[in-house]
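Try each task yourself, then read the solution under it.

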Amino acid sequence: MFNLFNSIKAVIICAVISGIYTLYISTRSFQEQLAGEGMEVGKIEALMHYSTLIDVWSRMLSGWIPLFAICLVSCFLLMAWIRPPEHTKNTHGAT
């Protein structure tokens, strides 16, 4: 079922899912690093803390690209595997 509309949907879905996953994993890592230093903070607080110290976004985006590529390839393979349903014939007695 390859067409332009399905391809655009696949790109958008892969970008959103990859972005959310990367954000979650990065903030969890920051939280664990701060917990190792004795600071018990939430994920958002850990992200805010590290965003003042280092360039967080370039560090997070470097892990996003391979994940996005894997997700996009898997979406395209799924689209190639799925076939559209066959149209059934009208069997209500119409000629």
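This is a predicted model: local features need pLDDT of at least 70, side-chain atom pairs count only at pLDDT 80 or more; totals for chains, interfaces and linings use all residues.

How many salt bridges does the structure hold? Residues are numbered from 1 along each chain as its sequence is written, and side-chain values use heavy atoms, with hydrogens and water left out.

**Exercise 1: the salt bridge**

Count the salt bridges and describe the residues taking part.

Step one is the rule: a side-chain nitrogen of Lys or Arg has to lie within 4 Å of a carboxyl oxygen of Asp or Glu. The structure holds 1 such salt bridge. Step two is the partners: Glu-32 and Arg-28 meet through their side chains at 4.0 Å, N to O. Step three is their place in the chain. Both sit in helix 1, and because they are 4 residues apart there, about one helical turn separates them. Helices here are DSSP runs (H or I, at least four residues; strands are E, at least two), numbered from the N terminus. Step four is accessibility, where buried means under 20% relative accessible area, exposed over 50%, and partly exposed in between (1.4 Å probe, protein chains only). Glu-32 has 52%, so Glu-32 is exposed, whereas Arg-28 has 35% and is partly exposed.

**Exercise 2: the overall layout**

Work out the pattern of the protein chain along the sequence.

Start with the elements: the protein chain has 3 helices and 0 strands. Reading along the sequence then gives α-α-α. As for burial, 21% of the 95 residues in the protein chain are buried.

**Exercise 3: two helices in contact**

Find out how helix 1 and helix 3 are placed relative to each other.

First, locate them: helix 1 covers residues 4–36 and helix 3 covers residues 56–81. Next, take the geometry. Their axes are 8 Å apart and the packing angle is about 140°; axes are lines fitted to C-alpha atoms, for helices over the stretch in contact, and angles run from 0 to 180 degrees between N-to-C directions. Now classify: angles under 35 degrees are roughly parallel, over 145 roughly antiparallel, 65 to 115 roughly perpendicular and the rest oblique. Helix 1 and helix 3 are therefore oblique to each other. Last, sort the contact residues: 17 are nonpolar, 8 polar and 1 charged. For that sorting, Ala, Val, Leu, Ile, Met, Phe, Trp, Tyr, Cys and Pro are nonpolar, Asp, Glu, Lys and Arg are charged, and the others, Gly among them, are polar.

**Exercise 4: the aromatic pair**

Decide how the rings of Trp-64 and Phe-68 are arranged.

Rings of Phe, Tyr and Trp (its six-membered ring) pair if their centres lie within 6.5 Å, with planes under 30 degrees apart called stacked, over 60 edge-to-face and the rest tilted. The count by this rule is 1 aromatic pair. The ring centres of Trp-64 and Phe-68 are 5.1 Å apart and the planes are at 15°, so the pair is stacked. These two residues are 4 residues apart in helix 3, so about one helical turn lies between them. Trp-64, at 22% relative accessible area, is partly exposed, while Phe-68, at 17%, is buried.
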